[in-house]
Amino acid sequence: CHAGNDTHIPRLPMTSSVSVRPAQPHDYAAWRPLWDGYNAFYGRFGATALPEHITQTTWQRLHDAAEPMLCLVAQDDASGDLLGLAHCVFHRSMTRIEPVCYLSDLFTREAARGRGVGRALIEGVYAAARTARSQRVYWQTQATNAAGRQLYDKLAKHQGFIVYAHEL
């Protein structure tokens with residue numbers, strides 16, 4: 001996965017058994033159930049699932065050096081299983097010179113929740129953002145995501161913004 005021109009993300013130990021690392025093209029089969037789980041959490045499954053070409057394009061972009069994107073995965077060191085994912089997009093800002101990092105997607109497999117996987121992924125994003133010379137990481141979540149918000153409140157400051165969107 002790529003974060004602008006610099007993608008040197010070290011394997012970050014979370015516990016004695018889980019590490020965070022950049023996803024590799026050969027991780028697709030293990031990444032896909034995480035991606036599908038993330039989308040299902042937000043109601044995109046069955047008849048409302050993302051079209052397959054969007055998933056395929058997303059995976060390709062995550063591995064394209066020309067794309068300002070990053071894909072981290074949390075891996076169980078003992079089994080090699082992927083436990084979670086984090087996707088980020090680096091972009092310009094009107095109020096900063098350096099790039100800003102938007103944490104677009106964060107998901108932990110249900111069976112791995114409560115083990116610090118989400119925290120490790122966010123800390124991995126922070127490390128990647130520092131490498132990319134970004135000084136800000138931000139994200140959004142649904143107000144009803146109580147479990148996620150408990151973690152987020154420990155790792156970042158809620159800025160009080162309300163998100164508006166309009167589909168074109």
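Which residues does Leu 121 touch, not counting residues up to four places away in sequence? In this predicted model, Leu 121 touches Val 20, Leu 72, Val 73, Ala 74, Gly 84, Leu 85, Ala 86, Leu 106 and Phe 107.

Now look at the core around this residue. The largest nonpolar core has 27 residues. Leu 121 is among the five that touch the most other members, along with Leu 103, Ile 122, Val 125 and Val 137. Helix H3 supplies the largest share, eight residues. A second core is separate and holds 13 residues. Ala 23, Trp 31, Met 69 and Phe 107 are included in that second core.

Next, follow strand S3. Eight of its eight residues are buried, so S3 is largely enclosed by the rest of the structure. Its residues point two ways. Met 69, Cys 71, Val 73 and Gln 75 point one way, and Leu 70, Leu 72, Ala 74 and Asp 76 point the other way. All of them are buried.

S3 also has strand partners. It pairs with S2 in the antiparallel sense, over five bridges. It pairs with S4 in the antiparallel sense too, over seven bridges. Take Val 73 in S3 as a landmark: Arg 21 stands opposite Val 73, and in S4 the bridge partner of Val 73 is Leu 85.

Finally, trace the turn from S3 to S4. This hairpin has five residues between the strands. Within the hairpin, Gly 80 takes a positive phi near 85 degrees.

Definitions and conventions. Residues numbered from 1 in each chain as written. Predicted model: local features only at pLDDT ≥ 70, side-chain atom pairs only at ≥ 80, totals over all residues. Heavy atoms only, no water. Core = buried A, V, L, I, M, F, W, Y, C linked by side-chain atoms within 4.5 Å. Buried < 20%, exposed > 50% of the residue type's maximum accessible area, 1.4 Å probe, protein only. Helix = DSSP H or I, 4+ residues; strand = E, 2+ residues; numbered from the N terminus. Contact = heavy atoms within 4.5 Å. Pairing = 2+ DSSP bridges.
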